[in-house]
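Dear colleague,

Please find below the structure that I am handing over to you. My findings follow it, and I would ask you to read them with the structure open.

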Amino acid sequence: MLFRNFKTVLSVLLFMSICFAGFSQKINYKIEFPAPQTHYTSVTIEVNEIPKDKETIDFVMPVWAPGSYLIREFAKGVESVKSDSDIEKTSKNVWKVQTNGKSSVKIMYDVYGFEHSVRTSFIDASHAALIPTSIFMYVDGMKNEPAILEIEKPSDWKTISTSLKNKDGKENIFEIPNYDILADSPIEIGNQDILEFEAAGVKHSVIMYGKGNYNKDQITKDMAKVVEEATKVWGENPAEDYKFIVHNSRYGGGGLEHLNSTSLVVDRMSYGTEKGHLQFLGLVAHEYFHLWNVKRLRPFALTNYDYTQEQHTNLLWIFEGFTSYYDELLLTRAGFVDDNYYLNTLSGNISSAENKKGRHVQPVTEASFDAWIKAYRPNENSGNTTVSYYGQGSVYAAMLDLMIIEATDADRNLDDVMRYLYNEYYKNQKRGYTDEEFQAAVAKIAGKPFKSFFDNVVYGTQMPDYATYLGYAGLKLMVSENTRKATLGIRTSESGGNLKVRSTERDGAAYKQGLNVDDEIIAADNFRVTSNGELSEVLQYKNVGDEVTLLIARDGLLQTLTIKLEADDTKGYRIDKIDKPSKTQEKIYKKWFEKK
C-alpha cells in the first residue's frame, strides 16, 4: 500500500503503532516496499517523548549526500506527506508538524527512487539500493538523538545488508546512534550474493548485487591485500565490520565512500580481464582509503554536516586528489603492478593535468571550493576554465611526496603527514583541519614549509617543477610537442549524420576565428562531412597556417567560414629513469614505493 493512495489515515497509524511496539526510541523510522516494481518506498517517522512546551516539530529532507558535492534536491522524490497531526510544508525540504500537546507525532511519506548511481536510490522488483539522505528526513534539533530503523522487506527479498548494527538480534531492526550515522550507511535489500574475508584484523563483506564474471576467491584475496596496504599508511584500521556494496551492471562504474562501507558500480563483465580486474581493485583502493581520508579525517568545513546547504572547502584536492594518488600507489605497493606501470600512470596523469586549458585559469584549491557549482555542472566551456581536483590533486600529491622524502633524507614521506593529521585532528582534537594546518603539518614532517609550492602551484596556476621533484628519485620528464600538426582546436559530436561542434579550445583556431559550439559542420573545402573521421580526412594533409573553408549551419541559417589552421599545442609527457642514479636517488626511489 502506497501512502499516496491510502484512504484511512487512522488505520495506517494504528498499524504503525503496533509495528513500532517493543522498539520505541525518541525517534523511530520504518520503511516498507508495498509495490517495489513501481520504484516507491513508504516511510514512517515517529517522534516520542515530546516536551509539553514543544509546539512544533520540523522534519527536514537533506539536499545532498556526503561525499558527493552537488545539491541534488532529494525532496523532489518525496510525495504524499501526511501526519497524525496538523502539517504544513514551509520550504522546499521542510515540513512543520503541530504537536497539539501530544507526546508523540508521526509523519508518513513516499519516496520515488529510480536513479541508478552510487549517489541516489534505486528501487525495482529485484532489490532496493538506498542512499539514506535521499530517503530519510531528520528531525530538526534532534540529529544527535539515537533512533531505531525497521525495514519491512518484500517476502521474496531475503537479505538486508548495511553497516548499521542489528538491535536485539532482529534481522530487520537496526540501531541508529545518530542521524549522521544513518546518513552514512547505505542499505542494500534483496537477494545479493555475500562474500567475506578478514584483513587488518577486520571482518569485510562484499555484497554483490547482479550477475558478474567475478571469481569469488580471487577478488576477496586481492581485496584483502588492498585493505592491508591501506591500513599500513594510517597505522590502524578504525572499522569493525566493513561492507563493500557492489552493483554489477551493464555499464560501470563509480563509487561513493561511507563511514563503514562503500557503494560501487562495476561493469559486470569486467572482472575477467587483467585491465578490468585492476580497475576494480583501483576503485576498491580509492573508496577504502576514504575510510580514513574524508570519512574521519575531514576538512574543517566538513567537521559537521549541514544537509541543507553547500559546505565549501579548498581542500578537496587533498581529500579526493590524495586518495586518487594512493589508490594507484597502493596497487604498486601490494604487488599487483610494478613501479614502471605506476610511472606510466603518473605520466598520463601529468599529461591530463598539464594539457587542460583550465589549468592556466583555475587553481586546484578553487576547483575544490567550486566543486558544488562547476565540477558536477560542466558546460561546453568547462575544459577552458576548470581543472579536476582529483587528477590535479593526484599529481600534486606525488610531487609533494617526493619533496618530503628528499627533505628528510628518505626518512619520512606523505604517509607520515597523513598519519600525523589523522592522530592530531581526528583522534585528539576531534575536528577537521584548515588549509593553514595542513601546510603546518607538512612543514612539521618535512622540516620545510615548501611555501613557493603552495603559494604558486597549489593556490596559483604555476606548473610544478617536475624536473626537480622527479629528479630527486632519479627520474626525468620527457616532453614531446605536436606543433607540426594543424588543427581547428575543436571537439565534435555525431548524431543522425550531423556533425556538431561540442567545444572549442581556448585560444585555438576555432575559438579565435568564430567557429562556435553547436555549429553544425556540413562541408569542409566543399567535401560533405558527417563524421569527425570525414572531417579529419580533409584536414590530414593541411599544414599549420593553411586555411579550410567550412559550410556550417548556425541556428538553422547557413554560412561559410574560412579558418586558418593553427598548431596543436598538446604535449606528451613520459617519465623515464636516468641511466646512473646516485645512491641518494635510489634511496628516495625505494622510499617512494616503500620498497624494503
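Four strands form an open sheet, with the order E5-E6-E3-E10 and antiparallel pairing. At its edges lie strand E5 (87-91) and strand E10 (138-139), each of which pairs on one side only. Please bear in mind that this is a predicted model. Strands of a sheet pair through backbone hydrogen bonds, in either a parallel or an antiparallel manner. Between E5 and strand E6 (residues 94-98) there are four bridges in the antiparallel sense. Within this pairing, Ser91 has Val94 of E6 as its bridge partner.

The loop between strand E9 (128-130) and E10 contains Thr133. Is Thr133 buried or exposed? Its relative accessibility is 0%, and therefore Thr133 counts as buried, since the cut-off for a buried residue is under 20%. Apart from neighbours within four places in sequence, the residues in contact with Thr133 include Met61, Trp64, Phe74, Tyr179 and Tyr307.

Which strands pair with E1? Strand E11 (residues 147-152) pairs with E1 in the parallel sense over six bridges, while strand E2 (residues 40-47) pairs with E1 in the antiparallel sense, also over six bridges. Asn28 illustrates both pairings: this residue stands opposite Ile148 in E11 and opposite Glu46 in E2.

Turning to the whole protein, there are 18 helices and 30 strands. The C-alpha trace spans about 80 × 65 × 50 Å along its principal axes. A compact globule of 596 residues would have a radius of gyration near 25 Å, and the 27 Å of the protein agrees with this. Buried residues account for 55% of the 596 residues. Of the contacts between residues at least 6 apart in sequence, 69% join residues at least 24 apart.

As for the surface, the protein exposes about 25,700 Å², of which carbon and sulfur atoms supply 46%. There are 70 positive and 82 negative side chains, and the centres of these two sets lie 2 Å apart.

Yours sincerely

Methods
Residues are numbered from 1 along each chain as its sequence is written. Side-chain values use heavy atoms; hydrogens and water are left out. Helices (H or I, at least four residues) and strands (E, at least two) are DSSP runs, numbered from the N terminus. The radius of gyration is taken over C-alpha atoms; the globule rule is 2.2 Å times the number of residues to the power 0.38. Buried means under 20% relative accessible area, exposed over 50%, partly exposed in between (1.4 Å probe, protein chains only). Contact means heavy atoms within 4.5 Å. Accessible areas come from the Shrake-Rupley method with a 1.4 Å probe; for residues, only the protein chains shown count as cover. Lys and Arg count as positive and Asp and Glu as negative; His and the chain ends are not counted. The place of a charge is taken as NZ of Lys, CZ of Arg, CG of Asp or CD of Glu. Two strands pair if DSSP finds at least two bridges between them.
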